[in-house]
Each structure stands twice: as C-alpha cells, then as structure tokens.
There are 2 protein chains.
Amino acid sequence: MSARAVALVGGVTTPFGVRPTTWAEMAQEIGAALFRAVPALRTEDVDSLFVGAAEPERFAFQSHVAPLVAEQMGLRPRRILQRTELACASGQSAIRSAYAAIAAGLSDVAVAVGIEKMNLPSMAEANTSMVCVMDRPWDGPGGATAPPFFAMVAQRHMREYGTTEEQLAAVSEKNHRFANANPHAQFHAKSFPRAKLRGLPLVAPPLRLGDCSSMTDGAAAVVLVADDRARIYTDRPAWIRGTGQYSDFHNLAHAGELSRWPGLTAAAGEAFRSAGVGPEQIDFAELHDCFSISEIVEYEALGFCAPGEGGRFVEDGRSDLGGDVVVNPRGGLLGCGHPLGATGIAQAVEVHDQFARRVPPARQVPDPEWALVHNLSGSANVHSVMIYQAGGAA
Amino acid sequence: MSARAVALVGGVTTPFGVRPTTWAEMAQEIGAALFRAVPALRTEDVDSLFVGAAEPERFAFQSHVAPLVAEQMGLRPRRILQRTELACASGQSAIRSAYAAIAAGLSDVAVAVGIEKMNLPSMAEANTSMVCVMDRPWDGPGGATAPPFFAMVAQRHMREYGTTEEQLAAVSEKNHRFANANPHAQFHAKSFPRAKLRGLPLVAPPLRLGDCSSMTDGAAAVVLVADDRARIYTDRPAWIRGTGQYSDFHNLAHAGELSRWPGLTAAAGEAFRSAGVGPEQIDFAELHDCFSISEIVEYEALGFCAPGEGGRFVEDGRSDLGGDVVVNPRGGLLGCGHPLGATGIAQAVEVHDQFARRVPPARQVPDPEWALVHNLSGSANVHSVMIYQAGGAA
C-alpha cells in the first residue's frame, strides 16, 4: 500500500573511472549534467535532496555532504535533505528514501544523487578505508575483506554445484562487452574473450582480476516525482512498483551457507509481492556483480534459475540479449566500475534510459516493460531490491 | 498530505557521558534498554531500522553501521534498513526517514536509533574528525570550526541587539538545572549559578566552557508505528504532526547575516504549516543548544519572541517552567552532552516521556499537548524541525 505512485523521470551519470577531480567537483559536475539531461527541471522545482555516499568521511575527509551537494548543484531543499549510507548499496538507499518521501506526500520533486571518490593519492589509505565496511574488530583485520569473502563464496559454489572458472569468466565477458557500448563505463577493452580473462592474475582464488569490480570515482543522479507531475518532465516515466530489503547478519560468524543468499530471496520476495510480478516478468535486471560469482548466486536467489544452475545459466546465454532476462546491459559493476554511492543510482539511470530507448543498440533490451535493480552491501549480509515498470499512466 | 498518521510509542536513552564502551557495545546496550522500555515490542514486530550516526567511519573506523546495529539489537529488518547522516542532526534525520516510510505504507513498525562514540583515546584525532563536518577545504582549515563560528554568531548578536554574557549564562544555567533532574545527562553539577558560569575559561570569546556542549558518548532509540498499531504499545502516543527542513548554504562565504537564521524560520514554517499550529501553541521545545547563543537565536527564528529579544526572553524566564514555552526540559545539549547521532533521538524520547508524564517533577511540563524539536547541523546551514502532538486518537 503506497499513498501515491512515484515516477523516475530522468537521470544521468558522469564518466566513471580514475577521475582527476575532487569529491565536491563531482557534485558540481553531476548537477550540471542533470539539468542538461532533464531540460524541464528547474532548481526551484526540487524540494528534497537525497545523497547516497558510502565513505566521504574517509575518502574525502568530508562529512555533512548533503548540504555540500545541494550547494554545488544550486539547490535549496525546503522539504527533506539527507545523506543515506548503506556501504555498496548507498545509492539505492537514497532512491528508496526519495520514493518513501514522495509516496508519503512529504515531497513532490526529489533528486537522488550518488557520489564516491575512491582513487586517492595513497591507494593504501583507500584500501584500508574499505576494511571498515566489514565488521571492523572481527572480520576486517581477520582478512575477510571483500575479495577473500567472495572468493569463499565462489569456492563453495564450485564445490557444491560444479560451477567452473569458465562460467565465472562468462559473466565478466558479457558485462565487459556491454560496457564497451557504454561511453561512461570505466573499462573499454576492445574485446575481453574468456581465454584472456582466464589468464589474468589471481586476486583471491578462484577470482582473477577480471572477476573483480574496481575502485572507481563517479557520480550519478536521478529525478523522482509524484504521479501527477511525471508528464511535466518526460513522456517515458519509469514507475517504481516494488521495493524490498533484508538484513541477515553482520559478523561473518553468524553467516549461514555462503553459496546461497536467502536474504536476497527474502528482499526480492517483498519487492515482487509489492509490484505484483514474479521473476518471469522481468525483462532486464541490473544486478550487483561486485564479483563475477555474485551475479551467478543472484540469478539463483532471484528465481531466474534453480539453485546451482547459475553457472550454466550464463554459459548458455540465458542472461544475455536474446535470453530469458538481460542482466547488466549497462556493463555492470565489472565493466562500469563501482563508485560505491553512485552505483545504485547509475543502475536506475540505466532503467530509465532502457525504457526510453536511449541506449546504444548493442545494449538495448527490446521492448522492456519490467526491470529489477539489486544491490548488496558488506559481505552480502544486506540485500536491497527495487522493481520498475515502463511508461504508461500511474 | 500524509498517507496515514504515525505515532512515536516509546523510547529510551543510555547514560550520556564519557563511556568506557565501544560503538558496537552501545548498540547492544540501547537495544536491551529499548525492549525493556517498550515491553509489548517483540523483535519480529520491527520491520524497519533507521540508524542516525554522524561519523562512525572516523570515530570508530566502522562504516555500514545499519546491519551492525540490527545484529546487536537482535533485529532482522525485512522492509527498510539504512543509516542516515546529517552531522549534528543525524538522529532527527533517522526519525524523519522512519516517519516517511510508515506514512507511505512501506513500514508498519520501525525503530530509529542514534549512536555516537566521540571520546577516543586520542582526543586530537576526535577533534580533527569534527573538522570534516564543515566545508573541509575552505572553512575547516581556515579555523571556522564550531566554537569559533558560534562565537561569531554571539559577537554579532551582542553588537546588533545588545545581548549580554549574563543572558548567555542564563541559557546555560537553565539547561544545566534541568539536566540535574535527568539521570542520563552527562553533567550533574549541584548548582550552576550564572556567576560561576561567567568565571569559567573562555573557549572562543564570548563563549565560555559553560556555553559549549561537549564531546559525548551515548545512544538513544525510539519506536514509531502506523496509526492502527499505536495502542498495542502505549496509551500515550506522541503523534508526528509536522516536519520541515531547510538547507541554506554550505561554504561560509555564502552565509548571510549570522545573527538571524532565516533557514530555521523556513523549516519551522513548513513544520507549522503541516501541523496546523503556530509557535504560540507549542508547550515545550527541544532546541539545538550546541552553544548557549544558538538557543537565543532559535527563540527568535521560531517566533517565540521578536528578533533581537532572545536574550531578554531567557533572562525573564519566558523559556523556563511557568514561562511562555519550556525550552530544553531534558537538559539540552549543554546539560546532557551532544553525541551527534543520538541527540535528535534523545530529544524525541523526551517528547514521549513528557507527554506520558514520566519525567521527574523538576522538569515535567504541566499538561503538554504540543512539542517542537529542532536540530541544526554544520554552521547552522541546515535546520530540521519536527512537531508532535500528545495522546488522543490518530
């Protein structure tokens, strides 16, 4: 039950990569880009601002970032202003807050922005900062940072289901291929054949360089409005139809089996229930492929295929154009890079642009009506899902 | 227009002060206290968790704190989980998010928790971390951290309106007196006469030690529920009737006159409009007295008195028990201390406890019906206001 329908009416990203800009400069850049991308939007229309950012306190020594972003974008929010943090899912968290505010009648026109600046002069400092996403006194210093944790997931999945390194490479190959058709992606390798991916250095066995998303600088922004305002800004709204989150555990000592993510199944169940659709209706999905193995486990937890069949699902092209559900046509975190706070917003931009037929043909999903966006955070202990429907009326 | 009414049905704080506990231990402590304070609440009732915390990444080297708090409290949120940050107003920001989620129908029973651990083995490190609340490349290193900024506000107010150091001391005396009746306050001076306050060391002229709130460890939590659930948990609900925020500027170069805060007038205007009341209806107010001068400027911006009359307002006892509006009966930030993320939640706990007649007689407001809570953040560049009504039906 929601008070009123909420539409995402436009959005934009900056180029993702190693950017010679400061955190604040990226806020200014995404602001200018947003007002170019949504020409009908005026600064005075925007009553609320939600900023998704994971660790500006460490990466940029800047807290209280919401008013900084407002100032850099030329906004003076008069209803709600806040920053949301949920590590790697901070961007989607900002969108969910904007959605709730509009549905509740507390905002009419809201901007959700995600920004992260992760490449620092000292990458040792940047990498150390990433440790504090995990349970700090226990898991982080014990070595269970992201690559080793997801390597354990991969090892377990291979042992239980016979998933292969070739299948992991198939995820990376597909997402890098899509990223080649995304001018804002961090990586534009001419080709990324599986054989080449299998020859890259090991990061944490069995995960190689091509199986891991990167430390990325980037920003993204979307505009969300109440139902009766949608047509002011676009004739191609993306309606938010469902949302779900689930928090399973924090300390890894409390994690269940690594090779299945029941928390994602729970979050998706809530989102599917509220949207009134199931996995078979989803035309494309922006999934959180922080590591190649993540996408495989996610196929299964979301019900796109049965448990244990995720490896074959990608190998058989069922998550590619022409398959059952197109996964990560934007290029994924693997191809686009993963600026923590910006990722969830950039995925929503892709939903809007796919619905509006605005993406290059090499990644355009034909006639999409339903899209699902997923983010995980930490050691896959929290899962966040949103479901969008294309066009039509509220 | 809100979809459905939202009630605050109970809450609690830990003792505030210099606490020999870790950040995570405070999460566990506030969780245990909350379930004792709201006996009808069961862990499985709570579908959503909102965590207000300003800088755990710096003070505790811990990000992704929302699932950590969930685990420490024994919760598994299945609807919404997020941390909100708005520096000194992070706690109220968490409550506003919970309010929006429930009003929108996305949550039925939500917990909002605020935690901050500011006293570190190295207070130099803690103080440095406070710099990143300000505009970091410009205002912070230039020396415009909180005490100097609010000292400038005081100097300007004194020059324009003839406000005196005695009037500043009157704010501190009142709030410390109330804090003496609050067992969880950081400070319990037997008496804090104005003459003694005026003899304390200067921090930033004219502000003395007694004019400044402190670095504090503490946590607070409240339960918010949809209208039809309120009676399950309490017969004394505090209904959220209005909310407003305003973001004026970030970099101090863009600040207007220091001695008036039009951003607070704007935020309060929105809150009064949505609640359908004005300043004359407010029985008591929890205002953000991070410094004594702040409370004086706030009286004026909120319309409790005319511009320039804030000093006389407190001196004449009009913000004390028996006056026009009781301000900071909890003891304020001056008396209770100011654990950034916990402050806004602790103020809401006071609203509930005042409405329920649960506070010691020395600070009980007689027959309160309307309460206003205010937080500012940064250099008073963002103002956040909520208005509550006591008891009765939705």
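Modeller: Start with Arg83(A), which stands opposite Glu85(B) in β3(B). This is a predicted model, in which local features need pLDDT of at least 70 and side-chain atom pairs count only at pLDDT 80 or more, while totals for chains, interfaces and linings use all residues. Residues are numbered from 1 along each chain as its sequence is written, and chains are lettered from A and ligands numbered from 1 in the order in which they are written.

Colleague: How many residues does each chain give to the contact between them?

Modeller: Chain B gives 56 residues and chain A gives 56. Two residues are in contact if their C-beta atoms, placed from the backbone, lie within 7 Å. On the side of chain B that touches chain A, elements supplying at least two residues each include α3 (65-73), β3 (80-85), α4 (90-103) and α10 (262-275) of chain B. That side divides into 24 nonpolar, 18 polar and 14 charged residues. Ala, Val, Leu, Ile, Met, Phe, Trp, Tyr, Cys and Pro count as nonpolar, Asp, Glu, Lys and Arg as charged, and the others, Gly among them, as polar.

Colleague: How do you know through which surface the copies meet?

Modeller: 100% of the interface residues of chain B are also interface residues in chain A, so the copies meet through the same surface.

Colleague: And what rotation superposes chain B on chain A?

Modeller: A rotation of 180°, with 0.0 Å of shift along its axis and an RMSD of 0.0 Å. The two copies are therefore related as by a two-fold rotation axis. The superposition is by least squares on the C-alpha atoms of residues with pLDDT of at least 70 in both copies.

Colleague: Why is His374(B) called buried?

Modeller: A residue is buried if 20 or more other C-beta atoms lie within 10 Å of its own, exposed if 12 or fewer, and partly exposed in between, with C-beta atoms placed from the backbone. His374(B) has 28 other C-beta atoms within 10 Å, so it is buried. His374(B) sits in strand β11 of chain B, residues 370-377. Beyond residues up to four places away in sequence, His374(B) touches Ala285(B), Leu287(B), His288(B), Glu298(B), His383(B) and Val385(B).

Colleague: Is Ala170(A) buried or exposed?

Modeller: Ala170(A) has 25 C-beta neighbours inside 10 Å, so it counts as buried. The residue lies in helix α7 of chain A, residues 165-180. Leaving out residues up to four places away in sequence, Ala170(A) touches Arg194(A), Val314(A) and Glu315(A). Ala170(A) and Phe313(A), 143 residues apart in sequence, are 10.0 Å apart from C-alpha to C-alpha.

Colleague: Why is helix α11 of chain A said to be largely enclosed by the rest of the structure?

Modeller: α11(A), residues 292-302, has 11 of its 11 residues buried, so it is largely enclosed. Among them are Glu295(A), Glu298(A) and Glu300(A). After α11(A) comes Gly303(A), with a positive phi near 85°.

Colleague: What covers the strand side of the picture, say β8(B)?

Modeller: β8(B) is mostly covered, with 10 of its 10 residues buried. Nine bridges join β8(B) to strand β12 of chain B, residues 382-390, and the two run antiparallel. Ile240(B) stands opposite Tyr388(B) in β12(B). Strand β1 of chain B, residues 6-13, is also antiparallel to β8(B), with two bridges, and Ala7(B) has Trp239(B) as its bridge partner in β8(B).

Colleague: How does the radius of gyration of chain A compare with that of a compact globule?

Modeller: The radius is taken over C-alpha atoms, and the globule rule is 2.2 Å times the number of residues to the power 0.38. For 394 residues a compact globule would have a radius near 21 Å, and chain A has 19 Å, which agrees. Buried residues make up 65% of the 394 residues in chain A.

Colleague: Which domains does the assignment give for chain A?

Modeller: It gives domain 1 (6-122 + 216-233) and domain 2 (138-212 + 241-390); the bounds come from an automatic or database domain assignment. The C-alpha centres of domain 1 and domain 2 of chain A lie 23 Å apart. Their contact takes 36 residues from domain 1 of chain A and 28 from domain 2 of chain A.

Terms used:
Helices (H or I, at least four residues) and strands (E, at least two) are DSSP runs, numbered from the N terminus. Two strands pair if DSSP finds at least two bridges between them.
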